[in-house]
Structure formats: structure tokens, C-alpha cells
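Dear colleague,

Please find below the structure that I am handing over to you. My findings follow directly after it.

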Amino acid sequence: MAHVVLIRPPIYFRLSSYSVVLSMPIAVAYLAANLRRFGHTVDIIDGIGEAIDQVGQTEIPKVFFRGLSHQQILERIGDNPDVIGISAMFTADWPQLTRLVWQIRQKYPAVPVLIGGEHATATADKIVGQLPKNTFIALGEGEQTIVDFTKAVESNGSLSTVPGLVFLQDGEVRYSPQPQRAKIRELPWPAWDLVDLEPYMGDRDGYGVARGRSIAILASRGCSKKCRFCSSARFWKYHQEFRDPDDVVDEIIHYVQAYQIVDFHFIDLNLVVRPKWVKDFCNLLIDRNVNVTWQLPTGVRTEVLSKELLELMHAAGCRNLTLSPESGSWRTLLSIKKPLDIEKFLDLVRNATQVGIHVKCNIIVGFPDENWADILQTIKFTMRLALAGADDVGIFVYAPLPGSDIYKELEKMGMVLSEWDDSDNILAYMDVTSLASASMNVDAKYLRLAQVGTMAAFYQLGFATHPWRMARFVKNAILKRSDTVFEQRVLGWLRRVWLASSRSLLLRH
């Protein structure tokens with residue numbers, strides 16, 4: 001059987017980014033589990049967790065990495081891999097990942113490299129030309145693709161016939177047969193035994209709020225919605241697959257027993273679209289007396305979230321809920337294909353906070369066709385969210401994601417998007433000092449002022465109308481725990497600055 005090395009790269013960020021998520025490598029853990037099911041030997045190099053407090057500077061000014069350096073990753077690969085797999089989930093990582101791939105090729109000239117993830121899928125025809133020979137891109141879910149790829153390598157078969165690949169042949173971009181969607185009900189649980197989970201435990205900037213020993217978990221894959229700014233459809237198509245609720249609860253109980261987990265972060269794109277599934281899941285947790293907390297940190301749709309369902313979710317342990325209204329402008333909401341009844345949404349926020357669930361709302365400003373009237377409506381809406389009781393808000397300046405409908409329309413209009421594809425500008429959406437923007441109507445510096453000013457006003461209004469939150473923040477800072485994203489992000493930002501400063505001092509001396 002073959003020896004496969006799977007690499008989850010470090011995280012790349014700007015020091016002035018207000019959020020840097022230290023996520024567990026669940027994608028490669030799923031790949032590893034399926035490879036082992038077919039008898040292969042797998043090693044995971046977790047580029048974040050294996051050096052979670054190491055910060056260094058990349059070759060790009062102002063861009064840092066957190067985790068293993070590229071040289072450390074090369075040293076970890078070892079002497080005898082048959083296949084090397086690299087996860088390229090995020091567009092922001094690509095400029096650095098390209099460098100890593102070329103470094104791997106120099107050290108391992110004959111080893112086939114397979115790159116997968118959402119960014120790799122969305123931009124495969126463009127980025128394949130940036131890669132060295134014998135490097136392949138996997139489209140969509142990779143569990144079966146990497147097994148077929150490894151089997152072909154092991155048998156000296158033709159890699160060009162493995163379903164789901166993009167590669168260069170004779171200078172031309174080639175596509176192998178289309179892959180099938182993975183059947184999530186049939187996949188083994190992630191191979192977490194190949195990863196050291198301890199660095200992620202405690203007060204870390206994970207996907208969700210730090211509530212003790214936490215782990216990432218998936219109950220579904222994909223999203224059936226068609227938001228025009230999102231690129232997930234290129235990866236998942238417009239179909240959402242759900243696991244059986246019993247199997248999810250079994251997995252939760254296993255992690256409680258194996259890793260003493262007390263809190264679960266569901267990283268599904270949109271878990272609460274089937275109220276019956278949510279009810280069945282919650283009732284199972286209650287009936288089986290599973291005493292844990294859980295949260296939905298990725299930003300879910302809200303159509304099915306009644307007060308009755310929120311009460312059941314809270315009774316089953318849900319403590320944090322991230323919602324994604326995106327905008328307070330009806331014109332913008334129609335443009336991005338995300339219709340939202342603003343008054344009903346505000347009632348939902350009130351209902352969630354009343355039952356004891358902390359609410360965060362995600363907002364985007366600076367869509368290409370937005371004007372000042374749209375942004376002012378969004379600012380007003382954000383203040384109403386604070387008054388309604390929302391604990392947190394994340395305001396992001398729009399960045400065009402390759403593969404999304406808006407990105408493709410901008411390309412047709414002749415807008416030059418290479419500056420987003422091939423630089424670190426995509427990191428700007430969380431960087432409060434950057435002036436990168438795709439807006440056609442509002443100057444970038446005013447978008448940043450709107451972003452920073454609105455977030456500041458939101459929290460000032462929230463603390464003024466809920467003064468006990470400040471006492472909670474101080475208490476949680478002392479206890480090194482968090483109830484809200486704000487509490488966690490402030491402490492996480494201070495930690496990143498301290499780590500980067502310490503690294504700079506070491507370099508100078």
C-alpha cells in the first residue's frame with residue numbers, strides 16, 4: 001500500500017487583521033480517514049497546530065504566517081512519500097501555497113502532488129499553469145479522488161483517467177472525467193488520531209467561541225442557496241447532503257469520551273435549513289442526556305428559525321449562533337440573491353437572545369454596485385441589531401471570490417481581477433488598514449471608515465444598552481474563556497501582536 005502525506009498549510013494573515021481563525025484540519029482528517037479505509041498509510045502535517053504559537057513574516061510585506069514555516073514542513077515530509085496532498089481551501093492562502101508547492105517539487109521531483117480545496121476548485125483552469133510538472137488539482141470533494149489517485153500512482157496507472165482532476169499536458173489544460181459528490185453518510189469519521197488536538201484546546205481563535213475543550217464537526221455538506229457573492233457552489237454544487245442525526249450524536253459522544261470534549265463547533269455551510277433534522281438532532285441530545293454545548297459559527301440562513309426551534313436548540317446545548325444577513329439594503333439583498341425580511345430578522349435576534357443564545361451577525365459592505373445610500377441603510381440596520389441584543393457583528397469589505405457569480409460578471413465587464421487572484425489583497429477583507437476594494441461607487445478609504453466606524457458604534461451601543469457585558473468581558477478575560485466572538489477576538493488579536501513582536505525581537509537579536 002502507498003504512503004500518503006497530507007499537508008494543511010499554516011495560516012497567512014496581516015497583523016492588522018482583526019480576526020485570524022485557527023481552525024482544526026478537518027478536511028485532511030476526512031481525507032486521511034478514507035485513505036486508511038483502503039489500506040494506505042497516512043501522515044498529516046498540520047501546519048497550524050504543530051507550531052500554533054510560532055509567527056513569522058512571509059516574503060510579502062505585512063503578511064505573516066502562523067504555524068510551521070515552509071522549511072519545517074519540508075523537513076516533516078520525510079524521505080519516502082508516494083503521494084503528497086495539499087489543502088488549498090482559501091483564496092487568501094494561494095500566493096504562499098504556490099511557493100510551497102515549488103519548494104516541494106524541488107525536494108521531491110518525482111512525487112505526484114495533488115492539491116484540493118475550494119480555491120483550487122474555483123480557479124483550477126487559471127492556477128494549474130502556475131504549478132510545476134506532475135502537480136494535479138482535485139475538483140470538489142476529495143475523499144474518493146485521492147483514493148483513486150493514490151491507487152493509480154501505486155499501480156503505475158494513468159493519472160489522467162482518474163475522475164476529478166485538472167492538469168497540464170503538452171502545455172494545455174486538461175480535465176479528467178467529472179467526479180461524483182461524496183456520500184457523507186458513508187464516509188468514516190475524521191482521523192483525528194493522526195493530529196495533535198491539544199494546541200487547539202482552550203482560549204484559541206477557532207471557528208467558534210472558546211467554551212473549553214472544543215472540536216470541529218460536520219453534520220452536512222454543501223448549500224442549496226445561490227448567493228451571488230459565494231463560490232461554494234463550484235465545490236459542492238447546489239445540493240446539501242445531511243448525515244443521519246444518530247450518527248452525529250454517536251460521533252459527539254465518542255469525542256466526549258476520547259478527548260474530553262465539552263463544546264462542538266459545527267462548521268456546516270448552512271445546517272439549519274431542515275427544521276425536522278434540527279429537531280431530531282436536538283431531541284436525540286436531550287434523550288441521550290448528552291451534556292455538551294454546541295454552536296453554529298459559520299453564518300447560517302434564518303428562514304426556519306422560529307422561537308420554538310431556538311428554545312429547543314438552547315435546551316439541547318446551543319449557546320452561540322452566527323447569522324448572515326449581509327446587508328441592511330433591500331436593493332443589495334436582491335442583487336446578491338439573498339432576500340431578507342429585516343423586521344422578521346430583528347425579531348429572530350431578539351428571540352435568540354431571550355432564550356439564552358449569543359448572536360453574531362455577518363455584514364458585507366462595498367459590493368461592486370453598492371452606493372452610499374445602500375451602505376447607510378446597512379449602518380442603520382447594524383445599530384438596530386445592537387439594540388435588538390446581538391452580541392457581535394463582523395463587518396467585512398467585499399472581496400471578489402473566484403468562482404462566484406459576481407466575480408464572473410466582473411470578469412465579463414473587463415475588470416482586472418488578477419490583483420485579487422495573485423496577491424495578498426484577498427486578505428484585506430479583515431484588514432482594517434487596507435484600501436483594497438472592488439467597489440465601483442464608493443472610495444476604498446470611506447469603505448474602511450464605514451467598516452471600522454460601524455463596528456465601533458455597534459459595540460459602544462451594545463455595551464451602553466447592556467452594561468453588564470463589560471463586567472462579563474473582564475471576568476472572562478481573567479478566566480481565559482469567552483462567551484462572545486468580541487471577547488475572543490480581542491484577546492486573540494493581543495496574542496498575535498505579542499507573538500509577532502516577540503518574533504521580531506528574536507530576529508533582531
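Phe 266 is buried in this predicted model, at a relative accessible area of 1%, which lies under the 20% cut-off. Phe 281 likewise counts as buried, at 1% relative accessibility. By the ring-centre rule, the count of aromatic pairs comes to 17. Phe 266 and Phe 281 form one of these, an edge-to-face pair with 5.5 Å from centre to centre and 80 degrees between the planes. The pair links distant parts of the chain, with Phe 266 in strand S14 and Phe 281 in helix H9, 15 residues apart. Ring pairs also join these two residues with Phe 242, Trp 277 and Trp 294 in a cluster.

A further aromatic pair, Phe 345 with Phe 381, is tilted, at 6.0 Å centre to centre and 55 degrees between the planes. Phe 345 belongs to helix H12 and Phe 381 to helix H13, 36 residues apart. Both residues are buried.

Helix H8 covers residues 245-259. The buried residues of H8 are Pro 245, Val 248, Val 249, Glu 251, Ile 252 and Tyr 255. Seen down the helix axis, the buried residues of H8 fall within an arc of 155 degrees, so they line one face of the helix. At the start of H8, a side-chain oxygen of Asp 244 comes to within 2.8 Å of the backbone nitrogen of Asp 246. Gln 260, which follows H8, has a positive phi, near 55 degrees.

Finally, the charged end of Arg 221 sits over the ring of Tyr 30, 4.8 Å from the ring centre.

With kind regards

Methods. Residues are numbered from 1 along each chain as its sequence is written. This is a predicted model: local features need pLDDT of at least 70, side-chain atom pairs count only at pLDDT 80 or more; totals for chains, interfaces and linings use all residues. Side-chain values use heavy atoms; hydrogens and water are left out. Helices (H or I, at least four residues) and strands (E, at least two) are DSSP runs, numbered from the N terminus. The expected span of a helix is 1.5 Å times one less than its number of residues. Buried means under 20% relative accessible area, exposed over 50%, partly exposed in between (1.4 Å probe, protein chains only). The arc is that of the directions from the helix axis to the C-beta atoms. A polar contact is a pair of N or O atoms within 3.5 Å; within protein, one must be able to donate a hydrogen and the other to accept it, and residues adjacent in sequence count only if both atoms are side-chain atoms. Rings of Phe, Tyr and Trp (its six-membered ring) pair if their centres lie within 6.5 Å; planes under 30 degrees apart count as stacked, over 60 as edge-to-face and the rest as tilted. A charge sits over a ring if NZ of Lys or CZ of Arg is within 6 Å of the ring centre and within 35 degrees of the ring normal.
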